[in-house]
Amino acid sequence: MMNRMEHINPEGLIKNSAFSQIITTKGNGKTIYIGGQNAVNGNGEIVGKNDILKQTEQVMKNLEIALKSCGVNFESLVKLNIHIVQGQNAYGAFQVSQKFLGQNPNPPIITVLYVAGLINPEFLLEIDAIAFKPEK
């Protein structure tokens, strides 16, 4: 059985290079669930207080660490759930995230929500993720 992810962007739904509409996984593999990542670094410090761009960069670094610890990278992402505090620059955060997500021809599914606030009032965004690692 082939182990793979299939990205589907059917006719009738918008096509966008930043996200996919549907992703299916097939075969043996490991599904990886990454809990909400915020702008806290490995020393427990909040990076980029009051700066959505710096916080986005730290969140993406945290996601990269989590993915690498499971033997995968951003190309293995299936889904991102992004929570941004209302009033923040979502477009700027998107541009920063693209440095990490790159020009992946098969981007993940993405849901973006504006929220009133996060658990710590200094957090400006939080991202959780799902990835898939096929068995070799």
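## Glu-57 and its charged partners

At 28% relative accessibility, Glu-57 counts as partly exposed (buried is under 20% relative accessible area, exposed is over 50%, and partly exposed lies in between, using a 1.4 Å probe and protein chains only). Its side chain meets that of Lys-61 in a salt bridge, 3.9 Å from N to O; such a bridge is a side-chain nitrogen of Lys or Arg within 4 Å of a carboxyl oxygen of Asp or Glu. Both residues belong to helix 1 and sit 4 residues apart, about one turn of the helix. Lys-61 is partly exposed too, at 36%.

Glu-57 has another partner: Lys-99 forms a salt bridge with Glu-57, with the closest N and O atoms 3.8 Å apart. This pair links distant parts of the chain, since Lys-99 lies in helix 2 and Glu-57 in helix 1, 42 residues apart. Lys-99 is exposed, with a relative accessible area of 58%. Through shared partners, Glu-57, Lys-61 and Lys-99 are joined by salt bridges into one network.

## About the model

A word on the ground rules: this is a predicted model, in which local features need pLDDT of at least 70 and side-chain atom pairs count only at pLDDT 80 or more, while totals for chains, interfaces and linings use all residues. Residues are numbered from 1 along each chain as its sequence is written, and side-chain values use heavy atoms, with hydrogens and water left out.

## Another salt bridge

The structure holds 4 salt bridges. One of them joins Glu-11 to Lys-15, with 3.6 Å between the closest N and O atoms. Glu-11 is exposed at 72% relative accessibility, and Lys-15 is partly exposed at 48%.

## The sheet

Now to the strands. An open sheet is formed by 4 strands in the order 3-6-4-5, with mixed pairing. Helices (H or I, at least four residues) and strands (E, at least two) are DSSP runs numbered from the N terminus, and two strands pair if DSSP finds at least two bridges between them. At the edges are strand 3 (29–37) and strand 5 (109–115), each pairing on one side only. Neighbouring strands of this sheet are turned by 10° against each other on average, direction ignored; axes here are lines fitted to C-alpha atoms, for helices over the stretch in contact, and angles run from 0 to 180 degrees between N-to-C directions.

Thr-31 has Phe-132 in strand 6 as its bridge partner, while Gln-37 is partnered by Ile-127. Strand 4 is likewise joined to strand 6 by 7 bridges, again running antiparallel. Here Ile-82 stands opposite Ile-127 in strand 6.

## Helix 1 and Gln-58

Helix 1 (residues 52–69) lies across strand 3, strand 4 (77–85) and strand 6, and runs at about 25° to strand 6. Gln-58 is part of helix 1 and is buried, with a relative accessible area of 10%.

What does the side chain of Gln-58 make a polar contact with? The partner is the side chain of Asn-62, at 2.8 Å. A polar contact is a pair of N or O atoms within 3.5 Å; within protein, one must be able to donate a hydrogen and the other to accept it, and residues adjacent in sequence count only if both atoms are side-chain atoms. Leaving aside neighbours within four places in sequence, Gln-58 is in contact (heavy atoms within 4.5 Å) with Ala-39, Val-40, Asn-41 and Val-47.

## The nonpolar core

In soluble globular proteins, nonpolar side chains tend to be buried together. The largest nonpolar core in this model has 22 residues, and those with the most contacts inside it are Leu-63, Phe-74, Leu-77, Leu-80 and Ile-127. Such a core is a set of buried Ala, Val, Leu, Ile, Met, Phe, Trp, Tyr and Cys residues joined through side-chain atoms within 4.5 Å. Strand 3, helix 1, strand 4, helix 2 (90–101) and strand 6 each supply at least two residues of this core, and the largest share, 6 residues, comes from helix 1.

Not counting residues up to four places away in sequence, Leu-77 touches Met-5, Ile-23, Leu-67, Leu-101, Pro-108, Ala-129, Ile-130 and Ala-131.
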